[in-house]
Amino acid sequence: MTFMKPNRAPTWRVSAAALVAIATLSGCATNNPRDPLEPFNRTMFKFNDTIDQAALKPAAKAYKTVLPSFVQTGVNNFFGNLSDVWTGANNLMQGKGEQGMSDWTRVALNSTFGIGGLFDIASEAGLKKHNEDFGQTLGYWGVPSGPYLMLPLLGPSTVRDTSGLPVDMAANGWSYVDPASTRNIGTAIRVIDARANILDASNLMEEAALDRYEFIRDGFLQRRQGQVFDGESSRKALKEANDGPADAKSIRAAYADDDSASPGASPGASPGASPGAAATATAPAATPSAPVAPPATPAAAPAVSSETPSK
């Protein structure tokens, strides 16, 4: 098996671009501001759903029934290891150096000790798996998502993510595998494996959702927002969440009331004062008539005060 650059783009990619252009020029509009191309998107949804019900879903069921679970895990790990290369690059492009280096360390571990990525040794070693693509990188740096878009065969997307697809495809290492027959078989297995992984969830959705198109659209847009900013609402919120802990001064200011109400503290003691200091501040002063104790002799042991720890 060798790697080489593909000589021509698949015809479905040209068809998808043409359909998107037609939908954009048609000026379709709906009441949902995030989905102005809803008539076109619903048509594409029905087209994709027909293909899924007729071919992809039955193939996924057979794949999940026939193949042992360890084989399915190996297939998933192998293609996941390939995707970690591009995930690491996107994390670095987003300025997340620690995560990017972690992704590439995963690739090194899984490609060697994991026998070409069939075993996920890196996760066992505590290296978390991330999923990043170029659309997320564009969103991280402020490119708006644009309208929701249902792509033929590829499924839910946005205008921003669709514009990043050519970069993602060019960075996909499997697209350079030669001969083409091996590349096509591997791609088909990868698609069927991905469909098998969401088989139970899709069955539940089909039973529960009244309008599956809206359910998928709203869920995708919400999930995509979380993916772009790692669960936060914006890049600013993500930066604040990743900042270090507050300094001691801000912590004392936040818990000033707790300090003054702590056991052993006197109402007149200042926040942060030690119990010993508070006792000293509130102890009554000695009267002038009080007798003065004679100095202790050198042989006598020093008295131990209840306020001063013994040495």
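Colleague: Where is Leu-153 found?
Modeller: Leu-153 sits in the loop between β2 and β3. Helices (H or I, at least four residues) and strands (E, at least two) are DSSP runs, numbered from the N terminus. This is a predicted model, in which local features need pLDDT of at least 70 and side-chain atom pairs count only at pLDDT 80 or more, while totals for chains, interfaces and linings use all residues. Residues are numbered from 1 along each chain as its sequence is written, and side-chain values use heavy atoms, with hydrogens and water left out.

Colleague: Is Leu-153 buried or exposed?
Modeller: Leu-153 is exposed, with a relative accessible area of 54%. Buried means under 20% relative accessible area, exposed over 50%, and partly exposed in between (1.4 Å probe, protein chains only). Leu-153 is not a glycine, although its phi is positive, at about 70 degrees.

Colleague: What about Ile-115, what is its phi?
Modeller: The phi of Ile-115 is near 55 degrees, a positive value in a residue other than glycine. Ile-115 lies in the loop between α4 (97–112) and α5 (121–124), and its relative accessible area of 53% makes it exposed.

Colleague: And which peptide bond is cis?
Modeller: The bond that joins Asp-178 and Pro-179 is cis, with omega about 15 degrees. Pro-179 belongs to the loop between β4 and α8 (180–197).

Colleague: New topic, α10. What should its 17 residues span?
Modeller: At 1.5 Å a residue, they should span 24 Å, and the end C-alpha atoms of α10 are 24 Å apart, which agrees. The expected span is 1.5 Å times one less than the number of residues.

Colleague: Which residues of α10 are buried?
Modeller: In α10, Arg-212, Tyr-213, Arg-217, Phe-220, Leu-221, Arg-224 and Val-228 are buried. They cover an arc of only 155 degrees around the axis, which puts them on the same side of α10. The arc is that of the directions from the helix axis to the C-beta atoms.

Colleague: Why do residues three or four places apart point the same way in an α-helix?
Modeller: An α-helix has 3.6 residues a turn, so residues at that spacing point the same way.

Colleague: What covers the buried residues of α10?
Modeller: The cover includes α2 (38–66), α6 (134–140), β2 (148–151), β3 (155–158), α7 and α9 (199–208). On the face turned away from the buried side, α10 carries the exposed residues Gln-222 and Arg-223.

Colleague: What caps the N-terminal end of α10?
Modeller: Asp-211 caps that end, with a side-chain oxygen 3.1 Å from the backbone nitrogen of Tyr-213. Just after α10, Asp-230 has a positive phi of about 50 degrees.

Colleague: Where is Phe-215 found?
Modeller: Phe-215 is in helix α10 (residues 212–228). With a relative accessible area of 48%, Phe-215 is partly exposed. Its C-alpha atom is separated by 8.3 Å from that of Met-205, ten residues apart along the chain.

Colleague: Now α7. Is Asp-161 buried or exposed?
Modeller: Asp-161, in helix α7 (residues 159–170), counts as buried at 6% relative accessibility.

Colleague: What is Asp-161 in contact with, leaving aside its neighbours within four places in sequence?
Modeller: Asp-161 is in contact with Gly-135, Gln-136, Phe-220 and Arg-224, where contact means heavy atoms within 4.5 Å.

Colleague: How many aromatic pairs does the whole structure have?
Modeller: A search finds seven aromatic pairs. One of them is the edge-to-face pair of Phe-78 and Phe-79, at 5.2 Å centre to centre with 80 degrees between the planes. Rings of Phe, Tyr and Trp (its six-membered ring) pair if their centres lie within 6.5 Å; planes under 30 degrees apart count as stacked, over 60 as edge-to-face and the rest as tilted.

Colleague: Which residues do ring pairs link into a cluster?
Modeller: Phe-45, Tyr-148, Tyr-213 and Phe-220 are linked in this way.

Colleague: Last one, how many helices and strands are there?
Modeller: The protein has 14 helices and four strands. Of its 311 residues, 29% are buried.

How values were computed:
Polar contact = N/O pair within 3.5 Å; in protein donor to acceptor, adjacent residues only side chain to side chain.
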